[in-house]
Amino acid sequence: MFFTYLRRELRRRKKAAIVISMGLALGIALVITVNSVSAGMSQAQGKVLQSLYGLGTDMTVSKAAAAASSTSGQPRFNFGARDDSKNQSSDRVMVQGFETLKSSVVTQVADQTGVKKAVGGLSLSVIKVSGTFDRGTFKQNQSAGGKPGGGGSGAPQGQVQGGGADFSINSFSVYGTDVANLDLGPLTSSKITSGKGFTSADTNAKVVVLDKSYAKTKKLTVGDSVTISGTKFKVIGIATADSGDSAANAYIPLQRAQTLADSKDKVTTVYVQAADSKKISAVKTAIQKNISGTTVTTSADLADTVSGSLSTASNLATSVGKWLSIAVLIAAFLVAALLTSSAVNRRVREFGTLKALGWKSGRVTRQVMGEAFVNGLLGGALGIALGLAAAYTVTAISPTLTASLGSTAGAGAGPGAGGGGRFGGAGGPGQQAASKALKIALEAPVSVNTIVLAVALAVAGGLIAGTFGGWRASRLRPADALRRVE
Amino acid sequence: MYKLSGVTKQYSRGKETVHALRGIDLVIEDGDQVVIQGPTGGGKSTLLQMLGALDRPTAGSIEFDGVDIAKLSETKLTRLRAEKIGIIFQSFNLIPTLTAQENVETALAPMGTKPAERRRLAAEALESVGLGERLHHLPGELSGGQQQRVAISRALVKKPKVLLADEPTGALDEGTRDEILALLDGLWKEYGLTFIMVTHDSHIAKSAPRLATIKAGQVTITDQARQTAPVSY
Ligand SMILES: Nc1ncnc2c1ncn2[C@@H]1O[C@H](COP(=O)(O)OP(=O)(O)OP(=O)(O)O)[C@@H](O)[C@H]1O
Ligand SMILES: [Mg+2]
């Protein structure tokens, strides 16, 4: 009887069922859309962060912010003016952010509880100035020379012509990779698309892996060589960044980088992988407490510095979207509950009659709950369909979002790398950090969790509505069979 | 079958109290046919609710087969209704979304009858009121008289001891009314039921074997079959 009655009610009172389930469906669809768009946002943010960090990095350790007074790092270039118009070139290799940690910190970090792995790296920025610096040529004044002995000082009169400089400034970033630990660090977010990558044998080799876009602009390929501060590096591979933006223009073995920058046994950043991704903040606290003078930046910290339309949209999705979907969901639940109990009110005589026929209150209540539950499931199915459609539409359109990382959060530079700003015009380290503006296509992936949530919400909606209606129905008396309603 | 003594029913809404029944004393024997008549608001339906175990009296006792309904628990009242009392209404009170057969089956649901048996009994009951061809019709597809026949089948399918009817012909035209009355009269005799019917149709009242007149919550019984003068209990 239960199923017959249920089936008949739902089929013959379709309109009421559709109204209730549509309400729930809207709420659930919104939850799915907001959820999947938010997931897409964090995926996009993840891509942004990954381009800096590489895969699997949970946090970075860098030197704690020092008073921004050190000017010692200011680069100087000395060029002598020459007669022969020879091309001159000078490189300045600087440690990005001018703050380094001792290599021993890497092992210290690795020894902290909760740390699975720690790898050090040295970020450098190289400014190459090259060009000609000519001495001016002296030209004698013709008219003066035409009056010999005409008095005067006898000194030759004339002017200096053509003296000057014609040079270009070229800056690029170099990252010193620990070739013994290649599975952590910025290079992991790039794939070797040409040539080969580093091996542990390259500890002190004069080899370089170039970022694809840098290699392209410089027209360099595998087998060519690059000279940095007088050292000739052989290009062994070209790396393509997964997210289209790389952490550095060139990668060389860590030891080589340390030699170049005159920073023996120094690193700028320690890349840390936590043993348990849920305990990242505890690990952060431990490192900061146990190793003085360090700043720990987690992905979450870094994510906070992401700005641009991605972060705006992401904030919108998490704040407005979340509250909107909660509000709509509550409204949908209320509407479903009200409609269900008003449906019971319209059926007072029907339920009264059943009670007069000897139906137990529980049986009548169960019937009402059953109807509401099926309405909830219908709403859930409809809502999932709507939500999937919305999510796929977003993915199909894939609106482009831009993301820029705050300049305080350049690769490993950590907060306090502000000194880099002084080189803004010349493409110094500050520029490197600020240039992390990415274009990312937004997708809206629907996870199994989201679907499970939707089903749970549908069931909850049905049960809430059913409880309201069922409670109303349970309070009806058999004598209501004689009520003059309808 | 029934022995009512001092049955009082009050409805209170806020400060107002309506005295629907004021001390009813009444005995109804097994197999009796009683017609309850009276002016509107007199308490006819209220009395029928007491007899049908749909509600409890405010005071007094209603003995049904020696058991005081007024003192039974809700569960026992429900069981009593399910097993022993058949009831029909002025506006038929069929479930609009269920077919004729399914409507009749609703009376068997609380008895735990097996589905196949339920369907068979329901079909039989409908055939006995001449609706064998209309098993799968919805109430909306049936005439008033046919709907009341479905309701009668629903009331009788469980073979109750008592059949209660509250103005069963109130919504029907004269021709249909007579058909239904004849049907009920036939079933009363056939099943040996105790049949209690509320009406304000004086035609029906005149031909009833026993007539109970309720006015302002008080009852007067007239035994018309024996043509005696009104006796007050
Ligand atoms: N649920 C209730 N709440 C309050 N008052 C009620 C209720 N049911 C009945 N009454 C009142 O009790 C009195 C008797 O009502 P009842 O329905 O028994 O009369 P009736 O004789 O059946 O009238 P009718 O011929 O109009 O059907 C009336 O005054 C009515 O207003
Ligand atoms: Mg009445």
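1. A:Glu371 is buried, at a relative accessible area of 11%; buried denotes under 20% relative accessible area, exposed over 50%, and partly exposed in between, with a 1.4 Å probe and protein chains only. The model is predicted: local features need pLDDT of at least 70 and side-chain atom pairs pLDDT 80 or more, whereas totals for chains, interfaces and linings use all residues. Residues are numbered from 1 along each chain as its sequence is written, chains are lettered from A and ligands numbered from 1 in the order in which they are written, and side-chain values use heavy atoms, without hydrogens and water.

2. A:Glu371 forms a salt bridge with A:Arg347, and their closest N and O atoms are 3.0 Å apart. A salt bridge here is a side-chain nitrogen of Lys or Arg within 4 Å of a carboxyl oxygen of Asp or Glu. A:Arg347 lies in the loop between H9 and H10 of chain A and A:Glu371 in helix H11 (residues 361-397) of chain A, so the pair ties together parts that are 24 residues apart in sequence. A:Arg347 is buried, at 6% relative accessibility. Both residues belong to a network of salt bridges that also links A:Glu9, A:Arg13 and A:Glu350. Helices are DSSP runs of H or I with at least four residues, strands are runs of E with at least two, and both are numbered from the N terminus.

3. Helix H10 (residues 348-356) of chain A is mostly covered, with nine of its nine residues buried. Among them are the charged residues A:Arg349, A:Glu350 and A:Lys355. Just after H10(A), A:Gly358 takes a positive phi of about 100°.

4. The structure holds 23 salt bridges over all chains. One of chain B joins B:Lys189 to B:Asp185, with the closest N and O atoms 3.2 Å apart. Both residues lie in helix H6 (residues 174-191) of chain B, four residues apart, about one turn of the helix. B:Lys189 is exposed at 58% relative accessibility, while B:Asp185 is partly exposed at 27%.

5. A nonpolar surface patch of about 410 Å² is made by A:Trp323, A:Ile326, A:Ile330 and A:Leu334. Patches consist of residues with over 30% relative accessible area and no salt bridge, like charges being joined within 9 Å and nonpolar side chains (Val, Leu, Ile, Met, Phe, Trp, Tyr) within 5 Å. A:Ile330 is placed in helix H9 (residues 309-346) of chain A.

6. A:Arg7, A:Arg11, A:Arg12 and A:Lys14 form a positive surface patch. Helix H1 (residues 2-12) of chain A supplies its largest share, three residues. A:Lys14 is in helix H2 (residues 14-53) of chain A and is partly exposed, at 49% relative accessible area.

7. In chain B, strand S9 (residues 210-215) is mostly covered, with five of its six residues buried. Strand S3 (residues 33-37) of chain B runs parallel to S9(B) and is joined to S9(B) by four bridges; pairing requires that DSSP find at least two bridges between two strands. S9(B) also pairs with strand S10 (residues 218-223) of chain B, in the antiparallel sense over six bridges. S9(B) and S10(B) form a hairpin with two residues between them, and B:Ala216 in the turn has a positive phi of about 50°.

8. An open antiparallel sheet of four strands in chain B has the order S2-S1-S4-S5. Strand S2 (16-28) and strand S5 (67-68) of chain B are the edge strands, each pairing on one side only. Strand S1 (residues 2-13) of chain B pairs with S2(B) over nine bridges in the antiparallel sense.

Note on methods
Accessible areas come from the Shrake-Rupley method with a 1.4 Å probe; for residues, only the protein chains shown count as cover. The place of a charge is taken as NZ of Lys, CZ of Arg, CG of Asp or CD of Glu.
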